[in-house]
Amino acid sequence: MGTLPLPHPSQKVNYATPRSFLTTFKSHSKETLFPDDPFRQFKNEKKPGARFKKALQYFIPIFSWLPNYKLQFLKYDFLAGLTITALAIPQGISYAKLAQIPPIIGLYSSFVPPFIYAVFGDSKHLAVGTVAACSLLIAETIGEKVSYDTEPTLYLHLVFTSAFFTGIFQTLLGLFRMGILVDFLSHSTITGFMGGTATLIILQQLKGMLGMKHFTHKTDAVSVLKAVFQNRHEWRWQSAVLGVIFLTFLQFTRYLRRKKPKLFWVSAIGPMVVVVAGCLFAYFAHADRHGIPIVGALHKGLNPLSIKYLNFDSKYLPLTIKAGLITGLIALAEGIAIGRSFAIIKNEQVDGNKEMIAFGLMNIIGSFTSCYLTTGPFSKTAVNFNAGCRTAMSNIIMAICMMLTLLFLAPVFSYTPLVALSAIIMSAMLGLINYEEVIHLFKVDKFDFLICISCFFGVAFISMDYGLMISIGLAIVRIMLFAARPATCRLGKIADSSLYRDTEQYPGLTKVPGILALQVGSPIYFANSNYLRERVFRWIQDEEDLSDTKGEHVEHVLLDLSAVTSIDMTGIETLVETHKMLGAKNIKMAIVNPRLDVMEKMIKSHFVDKIGKESIFLSIEDAIEASLFSLTTETTSGQGQISKPSNGSAATKMQDDHPDR
């Protein structure tokens, strides 16, 4: 048998000169802020006019779809617009009641914002309107310092101001492409928040269902239930009976929609039927004289300007900024998630940054025109989608219908019984408690379940903002655990292949005696570097314990860095220390397939010089072949020919794996 040559891989490791700081910064900035490469469509355009046209279409989406709008789309958009108007009127009045503001403000908020979204929004299916969770959160936040009952004018002005700050916050996030912040509101957090908020809102509607006049301003479940039973002398059976009838009807329409999806329109017009029936009953039966309160005067006319009412007094500024930021973040997460969900059904994409800008602009302009916070509610968007809308024209149709309502029909709804609004809200909220998803989270991921359930109970029993913060805090703890305790695994070879995989996932893989191949599964930096070093030596100790009976010891440690996307100086120093400590134990260390950013830092920090280029490999297979060569040559005792190795040695193993050598 001749001498064994050192394996020569077909492709060598790239030791090219590291890129300049400007090049690296540009690359990282693009991936962070522009992962979708939005300006790619302008690259091949040489004519200034064509570039301007495409830029206009990109930044103002209505110029993209309106020139191609077909008349056949109009019948679908018109039907969808009428349908969501039927839902928007009762919801607008109901959710304004949740926010403790005049009901007419809810109608105003479904007139101006839809026009703005139709111009700047990127989703074809999203229907704009007010939402219950943010309405309640506004009432809770502003109500901490100012009560609507004692200072209604100041309270309303602060609500407009918080909507202004919401719009500024959302627009800035979109302009600076900071949609990553919305990602911190995980699916588990949103599920728990919606469930907890829905529970609170349902309990609060007991006031309207029972016809009570006095109630608590607190929003936790204990305080609400306490107020309900302490004021039981105010309960009105007439109001309760009417409320049960309305709620039963609405739940039946929802059941009918689930059983026969084609009858979605029955559920969509259900709230309007309740409002109209309630108005007729209240008018002819003089319901307000029998313990059934009504909405009261609603004046005709379009939105009055409110820009002069924005309150930037330093005394209330922290309050309005807090309300604007919290509700703005939740509204963004809900609106973008809903828009993307329906776009996926049609194999379309929605640009989250454009959506942020659209939401921001409609809230800024809305705050100038007597509107409070608006976004894309799920119920209205689902109705819009099921009604067959083709474009954002359905929002324009809804806004026109709302304009006509404000001009001619608003006083009709002044007879709406409060119990009807409570029934509408309760029916909508029952659909937001997604207990099936909570059970699914428990089965799949216990930590996700903990995040969800903590948000649910935090919102229901403490407050909405604290519940949200608790849930986000747990999510951040999870991120920190993933970062500080990254996964590492021992690699083994799949028989009759060149693939190396996790030995725990695939038991029975071939392990090469004397060689320990490990894969690191995350970036290496100050938070996890000590753990990784300790984990490597623990892997070595575990391997030694298993090999003591066979007389085999670890002589080579291979670190596969294919999944390591970045490394800092602490991580590099840890690798240097690990190399030295292994050397003291006569164990050689090799690095496998470092990525571009990692390799550049290794070159700049002279780590490559310290470990040697001969210790860096392109693949696990190359590293193992080189390690086997090293083990084999050590058994020759300096001879030119390789003597026949003993049974069970690494050389025998190598010859078994490579019979052609």
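In this predicted model, N528 is in contact with A483, A484, P486, S522 and P523, leaving aside its neighbours within four places in sequence. N528 itself lies in the loop between β3 (515-520) and α22 (529-547). Is N528 buried or exposed? Its relative accessible area is 0%, and N528 is therefore buried, since the term covers residues under 20%.

Most residues other than glycine have a negative phi. N593, however, has a positive phi of about 50° although it is not a glycine. This residue is found in the loop between β5 (588-592) and α24 (596-604). Its relative accessibility is 28%, so N593 counts as partly exposed. H606 likewise has a positive phi, near 65°, and is a residue other than glycine. The place of H606 is the loop between α24 and α25 (607-611). With a relative accessible area of 47%, H606 is partly exposed, because exposed residues must be over 50%.

The next topic is the aromatic rings. A pair of aromatic rings is described by the distance of the centres and the angle of the planes. How many aromatic pairs does a search of the whole structure find? The search finds 18 aromatic pairs. One of them joins Y69 and F73, whose rings are 5.8 Å apart from centre to centre, with 80° between the planes; this pair is edge-to-face. F73 has a relative accessibility of 21%, and therefore counts as partly exposed.

Which residues form one aromatic cluster with F164? They are F165, F312 and F368, which together with F164 form one aromatic cluster.

Finally, charged side chains are found over aromatic rings. The charged end of R390 sits over the ring of Y76, at 3.9 Å from the centre of that ring. The ring of Y15 has the charged end of K613 over it, 4.9 Å from the ring centre.

Terms used:
Residues numbered from 1 in each chain as written. Predicted model: local features only at pLDDT ≥ 70, side-chain atom pairs only at ≥ 80, totals over all residues. Heavy atoms only, no water. Helix = DSSP H or I, 4+ residues; strand = E, 2+ residues; numbered from the N terminus. Buried < 20%, exposed > 50% of the residue type's maximum accessible area, 1.4 Å probe, protein only. Phe/Tyr/Trp six-rings, centres within 6.5 Å; stacked < 30°, edge-to-face > 60°. Lys NZ or Arg CZ within 6 Å of the ring centre and 35° of its normal. Contact = heavy atoms within 4.5 Å.
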